[in-house]
Amino acid sequence: MDPVIKNIKDYGSLDEIQQRKDEVLKELRQDSAQASTLWNQIFVKRDETTKADYIASLVSNSIVAFDTFILIRKLMKSYHFLFGGSKKKKKKK
């Protein structure tokens with residue numbers, strides 16, 4: 001594994017420190033703006049313009065919900081011990 005090499009710069013005056021601080025602040029603001037833009041692009045609400053688009057998205061979401069329910073049911077059945085379930089209860093006589 002390669003060692004991490006850090007850029008260490010010796011600063012001779014307060015002006016150099018202030019200049020570097022301003023550069024880092026500018027970089028942070030650019031990164032923040034870029035992250036904000038990417039985040040907003042991920043969660044853009046799509047406008048369903050027609051009734052057919054609305055129905056298609058409703059059916060699609062319903063299928064995904066049903067599929068998720070079936071998956072969870074199968075996982076609970078197979079791995080019940082992970083979810084706090086116990087084995088079949090014995091009947092008392």
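The protein contains 2 helices and 0 strands. The model is a predicted one. Helix α1 covers residues 14-42, and helix α2 covers residues 51-78.

The chain has 93 residues, of which 0% count as buried. A residue is called buried when its relative accessible area is under 20%, and exposed when that value is over 50%. The accessible surface of the protein amounts to about 10,200 Å². Carbon and sulfur atoms account for 59% of this surface.

The structure holds 1 salt bridge. This contact joins the side chains of R20 and E23, with a distance of 3.5 Å from N to O. Both residues belong to helix α1, and because they are 3 residues apart there, about one helical turn separates R20 from E23. R20 has a relative accessibility of 35% and therefore counts as partly exposed. E23, at 37% relative accessibility, is likewise classed as partly exposed.

A nonpolar patch is found on the surface, formed by Y54, I55, L58, V59 and I63. Together, these residues have about 490 Å² of accessible area. One of them, L58, is located in helix α2. The relative accessibility of L58 is 46%, so this residue counts as partly exposed. Membership of a patch requires over 30% relative accessible area and no salt bridge; the value of 46% for L58 is in keeping with the area requirement.

Methods
Residues are numbered from 1 along each chain as its sequence is written. This is a predicted model: local features need pLDDT of at least 70, side-chain atom pairs count only at pLDDT 80 or more; totals for chains, interfaces and linings use all residues. Side-chain values use heavy atoms; hydrogens and water are left out. Patches are made of residues with over 30% relative accessible area and no salt bridge: like charges are joined within 9 Å, nonpolar side chains (Val, Leu, Ile, Met, Phe, Trp, Tyr) within 5 Å. Accessible areas come from the Shrake-Rupley method with a 1.4 Å probe; for residues, only the protein chains shown count as cover. A salt bridge is a side-chain nitrogen of Lys or Arg within 4 Å of a carboxyl oxygen of Asp or Glu. Helices (H or I, at least four residues) and strands (E, at least two) are DSSP runs, numbered from the N terminus. Buried means under 20% relative accessible area, exposed over 50%, partly exposed in between (1.4 Å probe, protein chains only).
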